[in-house]
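Hi everyone, thanks for coming.

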Amino acid sequence: MKKTLITGAAGFLGSHLCDRFIAEGHHVIAMDNLITGDLKNIEHLFPLERFEFHHHDVSTFVHYGGDLDYILHFASPASPIDYLKIPIETLKVGSLGTLNLLGLAKEKNARILVASTSEVYGDPLVHPQNEDYYGNVSPIGPRGVYDEAKRFMESITMAYHRHHGLDTRIVRIFNTYGSRMRLNDGRVVPAFMGQALRGEDLTVFGDGSQTRSFTYIDDQVEGIYRLLMSDYVEPINIGNPDETTILEFAEEIIKLTGTDQKIVFKPLPVDDPLQRQPDISRAREVLGWEPKVHRSEGLRKVYEYFKSLSPEELHQKEHRDFSHLKGK
């Protein structure tokens, strides 16, 4: 039986990866410090003999007593609300956390896949973005804590591959949505859904002409799994090239939810990318992967999930109190 360690396992994407690897017959070692993750996302797996959970911060050190075949490093705040509140922790998990896990992979002779992001492209000057584009990132801007942590992650991963011969994979994840997202995490899909369900006006930043490309969680997990099982070591974009403007997307959500809220406009955040669309030619060629779930179908599923939340969850404004982390 293959043994797979997944960090960030109690998060949105990590928890779905736990489900997939359990379904594939693996023994899954889930690890999360629960700063932004939530045990409710994986509690259905606790009764299984092939699942174990470790409450641990990979930025300090990482140890596992048994053998490991695969490591998937998905530990990191992933929403702007979170990583702007805990910038140091975001930088540490992308740098020190990655270093610790690469060391563990070397010790265990395990294959490691690290979760990078479309944010390595910054506010792109190339459209759509392919893997050969180096990006347009401000290292000292407020979003730089996330962008540069991921860029460092890619750099040190390739260094371990080249210098130590480590078996590595790098996935660049574009906007992904699905069940288990937090309504208050600041990303556009849950933000619009939450506002619609609460009867609030939908908030669009800037004039709404900025674009995003949304990937349904099942498609994203399939792409990640195929990359891990491939023999390809260079970064690969996994995303949906179906691009839409934020204003068009807001109108789509209003139509889907059957609400009649207005759209209100607020200033664009600093360094917010104006365009985001993946070139997935490499994923198609190398992995035989492309997204299957149309946005209209995926959004219907997510809307049903959000409608099932309790009133407390629907109206929760703050996710966590991060004050105890100040200065760490």
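Let's begin with a word we'll need throughout: a residue is buried if its relative accessible area is under 20%, exposed if over 50%, and partly exposed in between, using a 1.4 Å probe and protein chains only. Please keep in mind that this is a predicted model, where local features need pLDDT of at least 70, side-chain atom pairs count only at pLDDT 80 or more, and totals for chains, interfaces and linings use all residues. Residues are numbered from 1 along each chain as its sequence is written, and side-chain values use heavy atoms, leaving out hydrogens and water.

First topic: charged pairs. Side chains of opposite charge can pair when their charged atoms come close. We call it a salt bridge when a side-chain nitrogen of Lys or Arg is within 4 Å of a carboxyl oxygen of Asp or Glu. How many salt bridges does the structure hold? There are 23.

One of them joins Asp82 and Arg182, with the closest N and O atoms 3.0 Å apart. Asp82 sits in helix H2 (residues 80–85) and Arg182 in the loop between S7 and H5, so this pair ties together parts that are 100 residues apart in sequence. A quick note on those labels: helices (H or I, at least four residues) and strands (E, at least two) are DSSP runs, numbered from the N terminus. Is Asp82 buried or exposed? At 2% relative accessibility, Asp82 counts as buried. Arg182 is buried too, at 17%.

Now look at Arg282 and Asp132, another salt bridge, whose closest N and O atoms are 3.2 Å apart. This pair links distant parts of the chain, 150 residues apart: Arg282 is in helix H8 (residues 281–287), and Asp132 is in the loop between strand S5 (111–117) and helix H4 (144–164). Here Arg282 is buried at 16%, whereas Asp132 is exposed at 56%.

Next stop, Thr211, in strand S9 (residues 211–213). Thr211 has 9% relative accessibility, so it counts as buried. Its side chain makes a polar contact of 2.6 Å with the side chain of Glu243. By polar contact I mean a pair of N or O atoms within 3.5 Å; within protein, one must be able to donate a hydrogen and the other to accept it, and residues adjacent in sequence count only if both atoms are side-chain atoms.

Last, helix H9: its buried residues include Leu299 and Phe306.
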